[in-house]
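My notes follow the order in which I went through it.

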Amino acid sequence: MKDDAPVVLLVEDNPHHAEIIFRLLRNRRIAHRILHVSDGEAALDYLYRRGAYADHLLYPTPHLVLLDLRLPKVDGLEVLKQIKSSEDLRSLPVVVVSSSDADRDIDAAYRQHANSYLVKPIDYEKFVVMIETLGLYWLTLNRYHLP
Amino acid sequence: MFRTINQRFYTIAGVLVFLFCLNYVQLAYFINEESGIAAQGEDIIDIERNIRNLLSLFFRMRYWERAVFSQEFPDAERHFGQIMAEMKSQLSILRIRSPETFISRDLEEVTKVLVSYEQHFNQLNQLNTDRRLQLTRLESSYQSLAYSILDTGKLNFLKPLLIITQFQIGYVRAHQQTEYQALNVVINSLKNKFAQDKLLNERLESYMDGYRRILEEDFGIDQKFKTVAGHFNDTSAALTELLKSISGRAQELVNDEFLAAEAIRKRLKYSILISSALSVITLLFILMIVARKIISPIRSVVRVIMDINAGKSSSRFEYAGGQKDDIVQLGLIFNDMLDTLEQKNRQLIEYQVELEAKVQELAVRQQERETLIGELEAKNAELERFTYTVSHDLKNPLITIRGFLGFLQEDATAGDAQRMRSDIAHITAATEKMQWLLNDLLELSRIGRLMNPPEEIHFEEIVREAVEMVSGRLNAQKIQVKIAADRHRLHGDRQRLREVFENLLDNAIKYLYSQPAPEIIIGIRSVGGEVIYYVQDNGIGVAPQYQEKIFGLFEKLDPAVEGTGVGLAIVKRIVEIHGGRIWVESKGIGCGSTFCFTLPAKFGAEAKEHS
C-alpha cells in the first residue's frame, strides 16, 4: 500500500448504504483506504483529530470526503459548513452523496461550498457507474494538495 | 306691518324725530309764553313805577305849593310850574302807554282833577297876591287915617285909634269875621264921634270911608280866598287820594301780575314736566319695543350660536311671539339649518360606527385569515418536511435492496455462497425496515384523524397499562420502574395517551442498554399551577443541541439503536393534538433524561374536580 494512495472518508449513517459504497470503491479498485463514520459528530471529530481519532497514522487526513446529508447528531450540512469555514479544512474536496434530489438540499449544499452533489441512484448499474466515474474524476484525474 | 328691520328702524327713527320736534316746539312755545309774561310784567312794573313817580312828583308839588303860599322861596312858583309840567307830561305818557285799562280811566280822572287843582292853585295864588296887596292898601289907609286923627289933636280920639290898631292887628293876623265886624263898629263909632264933635271933615270922612271900603274888599277877598282854598284843599285831597289809590292799585296789579306770572310759570313747569315724562315714557316704550322685537331675538340667535360654538348642539332659537319678522325668520332658518346639520351629523356618526364595525370585522377577518394562512403555511411546511422525509427514508431501503441485488448477482456469478447469504440478509433487513417505516407512517397519519372520544383516565391506571405493554423488555433488561402513587385524573383519548407513555417507556428502554442499574420513574409534578407528567430514566441522556431535534420524524441519535425514529414524533403529535407541549430535560451525555409533557389546564382542572 503506497503512502500517497488516496484516503476517502465516508460519512454515512445508513450501514447498508455504507456497505454498498465501500464494496463498490474497494471491488472496483478505486480506493483502498476508506474510513467510515456513521454520524456528523464523528466526522468532525475525525477531521479535527479529536477523541478517538487523534492517531494520525490510523486516521490520516482524507483526500476526499463523501458526505451524506441526513445524519444523526450533527447534520451533514452543518458538517459541510464547519469544513468550509475552517482555515485548515477549507481546501478539502467534499462530495455530497445523498438519496435526496430535492432542490432545497442541492442548493443548500452548494451554498455551503460543496465541491459536488451526487444523488444515490436506486438502479444498481447506475450506482456502479456513478461510483466509478466519481473515483475516476476525483481520485484519478483531479489534482489535490493536502492541507 | 313692521316685519322688516328696515321698516322698524325707519318707524322708530320717525317717532324719535317727531318726539324731538314736538319737544322743540313745546320749548319754543314755553319760551315765548315766558317772554310774554316777562314783558307784560315789566310793563306793569314800569307803569307802577311811573305812578309812584307821579305820586312823588305830586308830593313835591304840594311842597312847592306850600312854599309858594308861604313866600319863603322866591323860586317856588317856578319849581311848582316845572313839576306841574312834568306831571302833565308823565300823565300823558302814561295814558298813552296804558290805554284802555282801568289806569287809563283813572289817569283821565287824575288829569281832570289836576287841571282843576291847577286852576284852584292859580286862583288862590292870584287871591293871595290880591290879599297881600289889599293888606298893604289897608295898612296905608290905616296910616292915612291915623295921621288924620292925630292931626286933629284931640286926645279922646286916641283911644278909638288904639282900638282900631288892636283890632286891625288881630284881623290881619286871623281875618276873623268878629274882628272885621268889630273894626267896622269901631270905625262907625269913630265916625259918629267925629260927627258929634263936628270935627268931621271931608278928608277925614274919605279916609274913613276908604279904610272901610278897603277893609270890606279885603274881607271879601279873604272870604273868597278861604272858599277857594277850601276847594283847593278838597281837590288836592281828592288828587292825593286818587293818586294813592292808583298807586295802590298799580301795586296790587304788580302783585297780581307776579302771582299770575308765578301761576303761569307753575303751569308751564308742570306742562314741561308732564311733557318730559310723556317723552321719557314714549322713549322707554320705544326702547322696550326695540328690546323685545329686535334685541331679544338677536340675543336669542347669538345665544344659540354661542351654545353651538361651545359644543351644545341641541340648543335652538326660541321665540314665543306670533309675529314672524326678519330676525325671527333668521332664527327659524338657523334652527332648520341646525336640525339638518344635526341630522347629517347623526347620519355621519352612524355611517362612521358602521364603517368602524366593518373595519373591525374586516380586521378580525384579516386576523383570522392571517392566522389561517399561518396555520396553513405551518401545515404546508410540515407536510413538505414530512413528504421529503418520507420519500428520503423510503428511498433508502430501495437503494439498499437494489444495491445488494446487484452484489447478489455478481456473487452468484462468482459462486460465493457466503457472500450471497450476507447479501440476502441485507435485502431482508431493508425490506423489514421498509415495513416498519410504512407501519409507523400509517400510525402517524392516524393520529388526529382517528380519535376516540375524550374520557377521564386515572393516572396510575393508564401508566400501569403502558408498563404492562413493554414489561417483556423491561424484565429482559432488568429495569426498575417506579410509578408515583397519584390519584390524579387525566382527560383525553385513552388509547393515545397510553401510547404516549408506552412510546416514552420504549424510548427510555432503548437508551438504558449501557446502564448497570437501569431505572425509570413515571410521575407528576406541579409548576406554577401547571401539571407536568414526566418519564425519567438514568440512561445516556441527550446533549442540549439535540434536545429539539429528537422529536423530528425519522430522527435517531444513535444509528445503532433499533427503531425508525418515529416514536417521539408520534408522542409529540399526540400531546400537541391534546393541546399540550412536550420537551426533554437532560444535563447531557451520561446524565439521564426526563421527558416532560403537559396537557391543557382544562383537562387537568376537570379531572381534579372529579377526583
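**Chain B overall**

I began with burial: of the 611 residues in chain B, 38% are buried. This is a predicted model, which I keep in mind throughout. Next I looked up the secondary structure, and chain B comes to 13 helices and seven strands. I also checked how far contacts reach along the sequence. Among contacts in chain B between residues at least 6 apart in sequence, 72% join residues at least 24 apart.

How much area is buried between chain B and chain A? I get about 2,700 Å², with carbon and sulfur atoms giving 52% of that area. In chain B, the residues that lose the most area to chain A are Tyr388(B), Ile399(B) and Phe407(B), and together they account for 23% of what that side buries. I quote the area because the size of an interface is often given as the accessible area lost when the parts come together. The contact takes 30 residues from chain B and 32 residues from chain A.

Then I went for the polar side of things. The rule finds five salt bridges across the interface of chain B and chain A. For polar contacts, the rule finds 12 residue pairs across the interface of chain B and chain A, both residues at pLDDT 80 or more.

Which elements of chain B supply the side that touches chain A? Helix H7 (326–414) and H8 of chain B each supply at least two residues. H7(B) gives the most to that side, with 17 residues. By class, I noted 11 nonpolar, eight polar and 11 charged residues on the side of chain B that touches chain A.

**Arg70(A)**

Arg70(A) sits in the loop between strand E3 (64–67) and helix H3 (76–84) of chain A. Buried or exposed? Arg70(A) counts as buried because its relative accessibility is 16%, and the cut-off for buried is under 20%. Leaving out residues up to four places away in sequence, I listed what Arg70(A) touches: Asp13(A) and Asp75(A) in chain A, and Thr389(B), His392(B), Asp393(B), Leu553(B), Phe554(B) and Glu555(B) in chain B.

**Helix H12 of chain B**

I looked up the buried residues of helix H12 (residues 567–577) of chain B and found Leu568(B), Ala569(B), Ile570(B), Val571(B), Ile574(B) and Val575(B). What do the buried residues of H12(B) pack against? In chain B I see helix H8 (417–446), helix H11 (494–510), strand E6 (582–585) and strand E7 (593–598). Just after H12(B), Gly579(B) takes a positive phi of about 90°.

His175(B) has a phi near 50°, a positive value in a residue other than glycine. I placed His175(B) in the loop between helix H4 (158–174) and helix H5 (177–197) of chain B. With a relative accessible area of 7%, His175(B) is buried.

Lys478(B) is not a glycine either, yet has a positive phi of about 55°. Lys478(B) lies in the loop between helix H10 (471–476) and strand E2 (480–483) of chain B. Lys478(B) counts as exposed, since its relative accessibility is 70%.

**Two C-alpha distances**

Ser471(B) lies in helix H10 of chain B and is partly exposed, with a relative accessible area of 23%. I took Ser471(B) and Val481(B), 10 residues apart in sequence, and got 9.8 Å from C-alpha to C-alpha.

Tyr29(B) is in helix H1 (residues 5–70) of chain B and counts as partly exposed at 43% relative accessibility.

**Cysteines**

How many disulfides does the structure hold over all chains? I found zero. Cys591(B) counts as partly exposed at 49% relative accessibility, whereas Cys596(B) is at 0% and counts as buried.

Key: Residues are numbered from 1 along each chain as its sequence is written. Chains are lettered from A and ligands numbered from 1 in the order in which they are written. This is a predicted model: local features need pLDDT of at least 70, side-chain atom pairs count only at pLDDT 80 or more; totals for chains, interfaces and linings use all residues. Side-chain values use heavy atoms; hydrogens and water are left out. Buried means under 20% relative accessible area, exposed over 50%, partly exposed in between (1.4 Å probe, protein chains only). Helices (H or I, at least four residues) and strands (E, at least two) are DSSP runs, numbered from the N terminus. Contact means heavy atoms within 4.5 Å. Buried area is the accessible area (1.4 Å probe) that two parts lose on being put together, summed over both. A salt bridge is a side-chain nitrogen of Lys or Arg within 4 Å of a carboxyl oxygen of Asp or Glu. A polar contact is a pair of N or O atoms within 3.5 Å; within protein, one must be able to donate a hydrogen and the other to accept it, and residues adjacent in sequence count only if both atoms are side-chain atoms. Ala, Val, Leu, Ile, Met, Phe, Trp, Tyr, Cys and Pro count as nonpolar, Asp, Glu, Lys and Arg as charged, and the others, Gly among them, as polar. A disulfide is a pair of cysteine sulfur atoms within 2.5 Å.
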